[in-house]
Every structure is written in C-alpha cells, then in structure tokens.
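Subject: Structure handover and notes

Dear colleague,

Please open the sequence and the model side by side before you read on.

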Amino acid sequence: MTDVDLLILGGTLVTARSDGRVVTDGGIAIANGSILELGERHTIQTQFSARRTLAADGMLIFPGLVDTHTHLYQMLLKGLGDDLPLMEWIDACTQPSIPHLTPRMCYVAAALGCIESLRSGCTTIFDYTVHHSDTQAYDAILQAFDDVGIQGFLGRGLRDRPAETQRTSAPGIDAQLADCARLVDSYGARRIWLAPGATWALEEESLRATRRFATERGLRLSLHTDEVTFDSDESLRRFGQRTVPFLERIGFLGADVLHAHCVQLTDAECQILARHGACVSYNPVSNMYLGSGVPPIPRLLDLGVTVSLGADGAASNNSQDMLEALKVGALLPKVAWRDPAVFTAADAIRLATSGGAAALGCDDFGTLEAGKRADLFIFDPLHAKSTPVHDPVSTLVYSSGEVNVRSVIVGGRLVLDDRRIVGVDEEAILREAQRLAEQLAVVAGTRRRLSGRWMRERARIKGALVEA
Ligand SMILES: [Zn+2]
C-alpha cells in the first residue's frame, strides 16, 4: 500500500479530458498537491491508504472551474451600476471608486470574491487588478488568494492616460512596470501578468514598452479587447486602425496575450487573432449586463483560438458565480445564432476547465488526470435543482448551483470542507465587506445616482398606483 495525503472514494469522475473519459464508482489518490492516480474505486482502494478519506458515493466529481477574467475589488460595488452601457458605467461606478480603495478594502473584496468563486466550484482565478496608486493593494489581493486557498493569478493593471474622474495622474509607464518587476520578484512569473487596461487607456509608446517588457521577462499579457464599439472607434481616431489590426501592427499580439471580451470582432479580426495563437476570455454575463453584445465564440473556436470563460467583475455581473457563467455562456450563442447546437454543454465545460488553463499558459490543471494538480470539486446532485441526473455534463451546465458544491480541493488542500470555508472566517469577511462597501460608496459618491434612481422608480410606481 502506498500512503497518500487524501483519498476520494466513490462517485462519478467527469475528467473533462479530450477523450471524454467518465469513471463511474471511481477513486482518486492525492499526494503532494497532485493527482497521483485515478481510476475505478477498487483499484485505488487496493493500492493506496491515506490519513483522510472522503466518501463520495452518489457524488459527481469535476475538475475545478477556471475564471480567466475578473476584477475582485468590484465585489464592493455590486448593485451600483445597473442599467448603464460600459463607458457610462465606468464613469458612474468603477472610476469614482478606484482612487478610494485601500489595501484593506482590496483584501476584503478579494477574499469575498474568492469565497463566492470557491462555492461555485471555481479553483483558479485570474484577477485583472486595475492600476492602484498604493501598490500594497496588489499584495493584499495575492494575500487573499492564499488565505482563502484558491489558485490566484494577478494581472497588474497598467494605465497612463488619465480618466476624467481621476484625482491624480498615474505615474509613468516605467514606474508601473518597475512595480510589476517587484511583484514578479516576490510572487513569481507564473502568477504575475502585465495588464494594460485597453488600447484607449494607454499611449502607443506605453503599449509598445509593455510588450517589450513582457517579451524580455517572459511575462504574459492581458487586456480588454473590443468589448464595445468605443474600443475600435477610439483606436481608429487615435491610430487610424481598429484595435486588432493596430495591435498587430505594433507587434503586440502573440500566444502569450489573453484578450478579454472580443465582442465586436469582425471575421477578419478573428482570423488575425487565430494567426497569432491568441487566447480569449468569454464573459457572457457581463456582456449581457452592460448590453455590450455577443462575442463570436463559435467562430473563434472553429478557427482554433484558445477560448476560456470568465465571470468578469461583480460590478458588471453581479456575482463571481462560475456555475451561472457556465449556463449563461452556453445559452447565449444559441440565442444569437438561433441554433441550439452551435455551442454545447460540453463546449461550455471545456472552456471553463482545460480552456481556462490553456488561456493562463498552464498545462498542469484543468482536467482530472494523474500528474495534474489536484484542483477539483465534489458535487452533490441530491437537490431538487439537479435531480435526476442522466448526463453529468448537462447537469453541471444547466441544472446546478452553489447548493450542489459540497467540497472543493485546490492543490490537494481541502479549502471548502463539507460546505465550510476553511481558510478564513467567512462571516467576519461578509460583515466587513458590507461595512467597507457602504463606506466606499459614500466617499466615492456612487450612492448618489442610486438614490436618485430609486426615487425616480418610487415616483413612477406611486404614479402608477394613483392612476390605478
Ligand atoms: Zn474586465
């Protein structure tokens, strides 16, 4: 018998491998953070012993979901930006808040977002962290990842064209890149990425400098690409080309670039991204919330582009729920193409698992197989929402929710143990998040619009009652 750290015995293993392997009555042996072996229960049971064994009879076991685009600080902004298009939403909701964020606010928001993510079966998050003048904000978010126990990647936001509502201008791009180097020295090149906001947020020379820095240091890049028509309109105005051809001309594109959104791409631009081996993060809930449009995901997949799934920030979602993103992400192309077969449940799971790992430049997670990180969740289908189960893939995409996620393992560590968050005091985080969110809304002035909206709504309802 080989001694391992953790055994999972029983349950149906949905490996999400390309061969579609599913093992009924399976077993998984976990050692040193990785899956040592997986297969039929009896072969695992006879080979391995462990200090702790999880009985998973009747459960479904999936690889952890991967969220490749979010902004965790926005957990404090839930509900402040309803019913606005992107550029107005930025001016009314996010931009006034950013200068007032303290490192503690960033920590609490990130911990809260990680808790919600874990509870939706998500084991890996890529946080696009906006540019902060207090660079301790980045360390705070990385600390939250580690405390909650989720695998966290941080895209360090870069911006040198000031927003109108910004109180002070940002430091030059060289100082921002120097801070990226500091983060890479502390946390490693796997976790720290360069994240220019969008082409409209930086000078051309700064975009070029960022690309050079990434190439020299072997760092990966992520930016918002053609989320709304403003992106390419502004690119045309400033550079004489739409976003993607412009990025190609300045040598920015590559297989190490993750493009968030890509809603407005033309077919020719899809082909340019494919030619450069680009990766894309599909953020369906946010695209619907802001009325941005539907990205050409089926076309990008046909062209061989690496596509992944993201929740996007909680100010435009308004949650970090990856199970919801999975369902909405599967439904949206069906509506846009008027074709229920254009994008399937299996496509959705692939994007949210192996597609996510590939988009993050990693091949050591995203599927259940020996040698990969033990990132997985145990799904209890015995709830009205998900009973009966005929096809576990269909169940996960269309008939699931937080109620089903019983335990989550990240890097071999049990971080959600029978529905209990292990790493932090969840209730304390929830209470502090509410208090800090209220504080932030007052100093940022973001509540003003909200109270006006409710007053108008109330007046409308009152008027309707009088008429009745
Ligand atoms: Zn974003």
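Which residue of β18 is the bridge partner of V410? The bridge partner is R413, and I come back to that pair of strands below. Please keep in mind that this is a predicted model, in which local features need pLDDT of at least 70 and side-chain atom pairs count only at pLDDT 80 or more, whereas totals for chains, interfaces and linings use all residues. Residues are numbered from 1 along each chain as its sequence is written.

Domains

The protein chain is divided into domain 1, made of 2–63 + 367–421, and domain 2, which covers 65–359; these bounds come from an automatic or database domain assignment. The C-alpha centres of domain 1 and domain 2 lie 29 Å apart, and 22 residues of domain 1 are in contact with 22 residues of domain 2, where contact means that the C-beta atoms of two residues, placed from the backbone, lie within 7 Å. On the side of domain 1 that touches domain 2, at least two residues each are supplied by β7 (60–63), α15 (392–398), β17 (405–410) and β18 (413–417), with the largest share, five residues, coming from α15. Helices (H or I, at least four residues) and strands (E, at least two) are DSSP runs, numbered from the N terminus. By residue type, this side of domain 1 divides into 14 nonpolar, five polar and three charged residues, where Ala, Val, Leu, Ile, Met, Phe, Trp, Tyr, Cys and Pro count as nonpolar, Asp, Glu, Lys and Arg as charged, and the others, Gly among them, as polar.

The sheet of seven strands

An open sheet of seven strands runs in the order β3-β2-β7-β16-β17-β18-β19, with mixed pairing; two strands pair if DSSP finds at least two bridges between them. At its edges stand β3 (22–23) and β19 (420–421), each with a single partner strand, so one side of each is left without a neighbour in the sheet. Three bridges join β17 to β18, which run antiparallel, and in the hairpin of these strands, with two residues between them, G411 takes a positive phi near 55°. β18 and β19 are also antiparallel, over two bridges, and L416 stands opposite I421 in β19. They too form a hairpin with two residues between the strands, and D418 in the turn has a positive phi of about 50°.

Helix α3 (residues 103–119) packs on this sheet and touches β17, β18 and β19, its direction making about 90° with that of β18; axes are lines fitted to C-alpha atoms, for helices over the stretch in contact, and angles run from 0 to 180 degrees between N-to-C directions. α3 has 17 residues and reaches 24 Å from its first C-alpha to its last, close to the 24 Å expected at 1.5 Å a residue, the expected span being 1.5 Å times one less than the number of residues. The helix is mostly covered, with 14 of its 17 residues buried; a residue is buried if 20 or more other C-beta atoms, placed from the backbone, lie within 10 Å of its own, exposed if 12 or fewer, and partly exposed in between. G121, which follows α3, has a positive phi, near 85°.

Q434, found in helix α16 (residues 426–444), is partly exposed, with 13 other C-beta atoms within 10 Å. The C-alpha atoms of Q434 and A109 are separated by 9.7 Å, although the two residues are 325 residues apart along the chain.

Other strands

A further open sheet, of four strands, has the order β5-β4-β1-β6 with mixed pairing, and β5 (34–40) and β6 (48–55) stand at its edges, each with a single partner strand. The twist in this sheet averages 25° from one strand to the next. Strand β1 (residues 2–9) runs parallel to β6, joined by seven bridges, and T2 has F48 in β6 as its bridge partner.

Strand β13 (residues 257–261) is mostly covered, with five of its five residues buried. Five bridges join β13 to strand β12 (residues 221–225) in parallel, and three bridges join β13 to strand β14 (residues 279–282), again in the parallel sense. H259 is the bridge partner of L223, and H259 also stands opposite V280 in β14.

With best wishes
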